[in-house]
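Please open the structure in your viewer and keep the selection tool at hand.

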Amino acid sequence: MAREFTSVGVVGLGTMGAGIVEVFARNGVDVVAVEISEDALQRGRAILTGSTDRAVAKGKLAEADRDALLSRVRFAVGLDALHSVDLVVEAVPEHLDLKQRIFAELDRVCKPEAILATNTSSLSVTEISVATTRPNQVIGIHFFNPAPVMKLVEVVRTVVTSADVVADVEALCKRLGKVDVTISDRAGFIANALLFGYLNHAVGMFESHYATREDIDAAMKLGCGLPMGPLALMDLIGLDTAYEILDTMYRRGGRDRRHAPVPLIKQMVTAGLLGRKSGRGFYTYERPGSPVVVPDERTPVVTEAALGDGTGAIYAAGGAGSELASPAVVTKIGIVGSGTMATGIIEVFAKAGYEVVSVTRGAEKSAKVFEAVKTSLNKGVVRGKLSETDRDAALGRINWSATLEHLADVDLVVEAVVEELSVKKALFASLDEICKPGVVLATTTSSLPVIDVAMATQRPADVVGLHFFNPAPLMPLVEVVETIRTSAETTATARAVCAALGKTGVVCGDRSGFIVNALLFPYLNDAVKMLEASYSTADDIDHAMKLGCGYPMGPFELLDVVGLDVALAIQRELYLELREPGFAPAPLLEHLVTAGYLGRKSGRGFRDHTRR
Ligand SMILES: NC(=O)c1ccc[n+]([C@@H]2O[C@H](COP(=O)([O-])OP(=O)(O)OC[C@H]3O[C@@H](n4cnc5c(N)ncnc54)[C@H](O)[C@@H]3O)[C@@H](O)[C@H]2O)c1
């Protein structure tokens with residue numbers, strides 16, 4: 001007979017505990033909510049009422065249901081109130097000694113058959129369990145933040161957890177409307193093991209002034225479709241909690257340097273900048289606990305100089321110094337290349353009202369690009385997003401050429417030829433001879449150092465990277481890559497052009513992977529390593545990232561779309577440039593590529609696509 005959970009206890013009503021109380025009470029379970037002091041209890045109660053009031057205001061919860069929900073919760077100070085509950089979920093700060101003390105106490109207070117669960121993110125459930133006389137009834141129930149919203153629960157079974165306890169907890173998760181994945185006791189479980197290296201890396205980028213907080217967050221939201229950027233997520237998690245998780249993962253997870261907390265995190269914790277809960281972390285919030293970001297001294301200012309290029313577009317400057325520089329007026333664009341990216345970029349500029357000169361290697365290629373642009377614009381017409389007149393006007397703005405000399409009077413050149421340094425360098429040397437002075441020369445390279453291309457010209461200050469994402473007409477992000485020689489004016493112009501295209505330009509330094517790929521691919525590679533270690537299945541790992549972190553696709557789904565060969569090539573570049581041992585490509589990824597399992601394009605990658 002499965003256990004009936006009619007009443008549960010929650011210990012610690014902070015960021016997670018208050019949300020966990022809400023999850024239980026919403027699903028008809030009586031909750032005893034416990035804190036360490038009256039003050040803390042009031043804070044916890046305020047988080048719960050704040051969250052349920054917001055749900056009512058948004059029309060997601062009826063007033064009567066909210067009242068019923070709140071009536072199921074009894075608040076108490078001290079663990080003694082938990083003597084008759086069937087299950088306890090502990091959600092106190094991430095310190096092993098504190099959790100062990102609480103479990104020893106719970107073991108004394110709770111009835112013998114009660115299950116004792118921890119919401120720890122990174123500590124060993126096994127080590128917590130041995131503080132009790134019933135380690136077989138101790139389990140991890142790892143909810144995700146915010147608990148009422150995120151669907152995933154990681155159920156962590158230790159080597160001594162009884163099978164019936166696991167089964168009963170899995171059934172409870174279903175009753176709570178959650179999707180559970182059951183795994184063994186390893187630092188960070190699935191989601192955090194894949195998430196925290198990425199978060200720490202993003203903080204490192206911020207700490208080293210590689211990019212601004214706004215640009216790092218915008219890059220990951222717009223480039224990968226994530227629900228929030230890494231720094232905003234650090235603020236949501238809480239920097240003190242994030243620090244403890246990283247520290248534990250570093251110590252338990254083989255001392256991977258990528259988990260050694262970036263020094264800035266500790267400094268911010270010491271300074272009381274804990275994120276949303278204290279009202280300030282990487283961003284500043286309206287008040288402690290509020291999700292509303294308010295401007296502070298780091299907020300980019302929109303200055304006169306940052307106005308667009310005459311098209312009326314305004315953008316928020318953010319690159320080092322670029323907010324002080326004036327963008328040049330750009331009306332005529334040269335685009336070199338005839339591949340997927342060049343074709344998309346031609347469409348983007350023509351649609352935005354620029355006069356475009358497309359240079360390809362011959363009339364045949366130009367005809368092909370013309371057809372592709374026309375087909376794509378026609379799709380817009382069919383979907384009612386573009387009028388026939390606008391389509392014709394856009395096509396009419398494109399001049400087709402096979403001679404670089406036709407770029408003599410353009411204001412900006414975007415190079416999108418094959419990803420080979422020698423070819424790009426030769427092209428930039430030619431552009432240097434042909435183009436008028438002061439023109440911005442941009443490369444769309446996704447993996448080569450922009451400075452190498454810049455130094456092929458006599459005007460490296462005018463060279464910048466403009467990394468568009470595929471498909472260019474749809475993706476809202478462009479990485480604006482500054483080399484150590486790029487002038488502030490060039491960056492300002494590049495950024496203003498992005499804004500005029502209706503895209504967000506994020507400014508970053510000239511390092512392998514820029515922002516998005518440098519943060520994304522190591523995470524994908526880590527997922528492959530996790531699969532290779534047989535810790536979990538591809539399906540469960542994909543589930544964990546989608547349902548626990550709100551990612552639009554799981555890592556294996558994404559790898560199959562991107563192409564395993566592409567992922568391997570990018571990962572190799574990152575490894576070569578940064579020499580970070582943790583970036584070494586997963587052997588399984590190498591083997592799959594060698595075997596020709598490249599993802600959707602070859603019919604098989606991590607999954608077989610021929611039978612779907
Ligand atoms: N923050 C997240 O995003 C997140 C997500 C999943 C899991 N977790 C895990 O959940 C746990 C709690 O993290 P959090 O972010 O909610 O922390 P938090 O600091 O926001 O809240 C902890 C709460 O525990 C209370 N507390 C401390 N000692 C206590 C005691 N002896 N008895 C009762 N209450 C006590 C504190 O007063 C505080 O309200 C940690 O193990 C963390 O790793 C956190």
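Begin by colouring the protein by pLDDT, the predictor's confidence in each residue, from 0 to 100. The mean pLDDT of the protein is 94, and 96% of its residues reach 70 or more. Next, select residues 307–320, where the pLDDT is below 50. Beyond near neighbours in sequence, this stretch has 37 contacts in the model, a contact meaning heavy atoms within 4.5 Å. Where pLDDT is low, the predicted coordinates should not be read in detail.

Two remarks on reading the tour follow. This is a predicted model, in which local features need pLDDT of at least 70 and side-chain atom pairs count only at pLDDT 80 or more, while totals for chains, interfaces and linings use all residues. Residues are numbered from 1 along each chain as its sequence is written, and side-chain values use heavy atoms, with hydrogens and water left out.

**The ligand**

Which residues are closest to the ligand? Select Met16, Glu35, Glu94, Lys99 and Ser121, the closest of the 24 residues that surround the ligand; a residue counts as near if one of its heavy atoms lies within 4 Å. By class, this shell has eleven nonpolar, nine polar and four charged residues. Here Ala, Val, Leu, Ile, Met, Phe, Trp, Tyr, Cys and Pro count as nonpolar, Asp, Glu, Lys and Arg as charged, and the others, Gly among them, as polar.

Now display distances from the ligand's oxygen atoms. A backbone N or O atom of Thr15 lies 2.9 Å from one oxygen atom of the ligand. For Lys99, a polar side-chain atom lies 2.6 Å from a ligand oxygen atom. In Thr241, a side-chain N or O atom is 3.1 Å from an oxygen atom of the ligand. Taken alone, the ligand exposes 840 Å², of which the protein buries 89%; these accessible areas come from the Shrake-Rupley method with a 1.4 Å probe.

**Two helices**

Select helix α7 (residues 191–207) and helix α19 (residues 538–549); helices are DSSP runs (H or I, at least four residues), as are strands (E, at least two), numbered from the N terminus. Their axes come within 9 Å and cross at roughly 65°. Axes are lines fitted to C-alpha atoms over the stretch in contact, with angles from 0 to 180 degrees between N-to-C directions. Ala191, Leu194 and Leu195 of α7 make the contact with Ile541, Met545 and Cys549 of α19.

**Backbone details**

Finally, select Pro146, in the loop between β6 and β7 (152–157). The peptide bond from Asn145 to Pro146 is cis, with omega near -5°.

Notes:
Polar contact = N/O pair within 3.5 Å; in protein donor to acceptor, adjacent residues only side chain to side chain.
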